[in-house]
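Student: I have a structure to read and would like to go through it by question and answer. Please show it first.

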Amino acid sequence: MTEVEIEKENAEIAKAYKELLKVSYQTLSKEDKKLIREAFEVAVDAHNGQRRKSGEAYIFHPIAVAKIVASEIGLDATSIAAALLHDVVEDNPDYTKDDIERLFGETVARIVDGLTKISSLSKDADVSTQAENFRKMLLTLNDDVRVIIIKIADRLHNMQTMDSMRKDKQEKIASETLYIYAPLAHRIGLYNIKTELEDLGLKYTEPEVYNDLLEKIQDSKAEQDSYIKDFSKVIVDSLDKEGLNYEIKGRPKSIYSIRKKIVKQGVNFEEVYDKFAVRIIYKSDFKNEKFLAWKIYSIVTDHFRPNPTRLRDWISSPKSTGYEALHITVMGPKSRWVEVQIRSERMNEIAEKGYAAHYKYKQGNAEDALDTWIDKLQEALESNETNAVDFVEQFKLNLYSKEIFVFSPKGQLKSLPKGATPIDFAFSIHTEVGMKTKGAKVNGKLVPLSHELNSGDQVEILTAENIKPNRNWLDYATTARARSKIKSSLKAEKKDVAEEGKEILRRKLKQLKILLDEKSVNEMVNHFKLKTSLDLFYRVGIGTIDNSMLKDYASSRSNMFMSYIKNRIRKPTAAPDIDKDEITSKYDQLVFGKEEEKLDYKLSTCCNPIPGDPVFGFLTINDGIKVHKKNCPNALSMQSNYAYRIMQAKWIDSTQQEFATQIKLSGIDNLGLVNNITEVISSNMHVNMKSISFETDDGVFSGKINVVVNNINMLKKLIDNLKKINGIDKVTRV
Ligand code: MN
């Protein structure tokens, strides 16, 4: 570079820095400016001579990230300084964490340290490492949520400036962005940044699709503007008459979300009807905000017919991201449905800035939704028993899912993801409550635990001391929190059962004059076609290996020669141990989706899954379902580009498969009979009640219960217990 060029570049750096101070959302004090200035100087020094792929001086990157942090996200001076310093420790060995702390204090140092740690997480990662990294990243939320926010800003700027990168790198970064960063930005309430990340993600993963849509959107811009004008014309007079101070704007849908609609609904661009929404933003003091929103609602619906099923009142119950607004879909001009979003200026700021605006407007001691969310997340993270991929999948579901609001019997409001069940509710109250859930009442009526909750439901959880989580609960639990708690409890319980089973086995073998030792255990593992000794003990514990089966084994023992041959034949073909720590089952059947359907499938040749591997199904266009390992090298791109074609899949042990059956009961109707029956059913572990119906006719009671059980012994035991109930006369299996 010539001297003139260097001078020119320095002038540009100075200019970029001045702009940074100008665009700050928060008002900066003298000290703030001093802090930012010092951070800038250290960053300039540390990155001196470094250049980005594009050839640009490196320092432009931290300045740009700081700008996003200062203006789009609107964070404080501490964060702006940390953003300027975010790559210093990583890129220049002359600066350590201690240096940063000495120069800028503990908070800035801690944030920079968090950011450095995230960067150092392995960069070439498969899905499971990726997921593990993600979890580690979330753990840093514990230190300071600003770490994640600055990381998101860093990612946004990298995505904005990816053009000079190699194509495969672009794709990798883009798919990671769609997989992790966009959902996170959404959850933190950074809607604009989330949208930009998604659009950029699409741009680099499916460039043709992106460019095609971009063009079409630009072409239809004039038409949209004129539509908004037509819409406004109809209502401005009425709004003005009420003396309202407002602005009407068109809000185009993002390219990514239009793309999602096209794919999901199988339509073309022209057929996507809600490509934009109308936004009415009004001025108001805090006291009259809600009142004015409904006033505007009333005026809009005086002129346009509303669709009553599409009314969303996020003012009375804000989303857990803090989002507030009134949404209504009306039949607008040209007989087209159009969404109208009514927001005060304050609500609009929260929607655009998320976190920062949230704190700016924080009223009194109102519980902070973001803090609550972080607390909950922390808890889910602490139980590190779940594997990371499952965790992230679950976590992402929670990120994007729609929310419902339900009440406790005392009227306390809880927000849960759509599709949540009483189990989720129980765990959201307290782990102890969740663990002891016996049943639930919704709006005063007893419901099965699989019952899907709706907004507005009042939910009461019935608990009992003798209850423990069972495997079926995993079919109903949808929140990460409930699932991880249930899983760790099941794991612990399985171990307990196995220990007990070992003692039972020792006793039973003694009667058969066989010693329980390594040799006999190995023989039995082979005889019952199991994988590990723990499998064996567990099965004895739950009763699937009973006395007659043990006798079979004893007699087969007399022909040792045969079993020796059998073992020799079986051994080489046996699949490798899946997870020695876990009590593995004999995975021999693959099932898909929540319903655990058996479908035709092929194992993919790119990663060659074997039974027991964590896998997922991928719906191919010409070749049916292909099954891949969760850590298949192609998994990430499939997950992020074709999430809608992914099917959950898991290996099950067909010998442990559940079967459904119906039990008929009759007897004399008396008070508390129904309650006694449900109590018996729910206290029988491993029995899952699907539905229940009762009738009484002149004091004679009859009932039908549909249950799902693992084996016949459990059913017998259940029937015996039901017969013992006072008033019950007959119990039969249909
Ligand atoms: Mn960076």
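Student: Which strand gives the most to the lining of the second largest cavity?

Tutor: This is a predicted model, where local features need pLDDT of at least 70, side-chain atom pairs count only at pLDDT 80 or more, and totals for chains, interfaces and linings use all residues. Residues are numbered from 1 along each chain as its sequence is written, and side-chain values use heavy atoms, with hydrogens and water left out. The lining of the second largest cavity includes Trp337, Val338 and Glu339 (on a 1 Å grid over the protein atoms alone, a cavity is a set of points where a 1.4 Å probe fits but cannot get out, and lining residues have an atom within 4 Å of a point). With three residues, the strand that gives the most is S6 (a strand is a DSSP run of E, at least two residues, and a helix one of H or I, at least four, numbered from the N terminus).

Student: What is the volume of the largest cavity?

Tutor: A search of the whole structure finds four cavities of 30 Å³ or more. A volume is the space filled by probe spheres set on the grid points, which are joined across faces, edges and corners. For the largest cavity the volume is about 50 Å³.

Student: Which residues coordinate the manganese ion?

Tutor: Donors are N, O and S atoms within 2.8 Å of the metal (3.2 Å for Na, K and Ca), and water is not among the atoms, so sites may look incomplete. In sequence the donor residues are spaced H-x24-H-D-x66-D. At 2.2 to 2.4 Å, the coordinating residues are His61, His86, Asp87 and Asp154.

Student: How many residues apart in sequence are the parts that Asp87 and Asp154 tie together?

Tutor: Asp87 lies in the loop between helix H4 (77-84) and helix H5 (88-91), while Asp154 is in helix H9 (residues 145-160), so the pair ties together parts whose separation in sequence is 67 residues.
Both Asp87 and Asp154 are buried (under 20% relative accessible area, with exposed over 50% and partly exposed in between, for a 1.4 Å probe and protein chains only). The separation asked for is 67 residues.

Student: Which strands stand at the edges of the five-stranded sheet?

Tutor: The open sheet has the order S12-S16-S14-S15-S13, with mixed pairing (two strands pair if DSSP finds at least two bridges between them). Inside this order, S14 and S15 run antiparallel and are joined by five bridges. Each edge strand has a single partner strand, so one side of each is left without a neighbour in the sheet; these are S12 and S13.

Notes: 1 Å grid on protein atoms, 1.4 Å probe; cavity = no way out; pocket = protein on both sides within 12 Å on 5 of 7 lines; lining within 4 Å.
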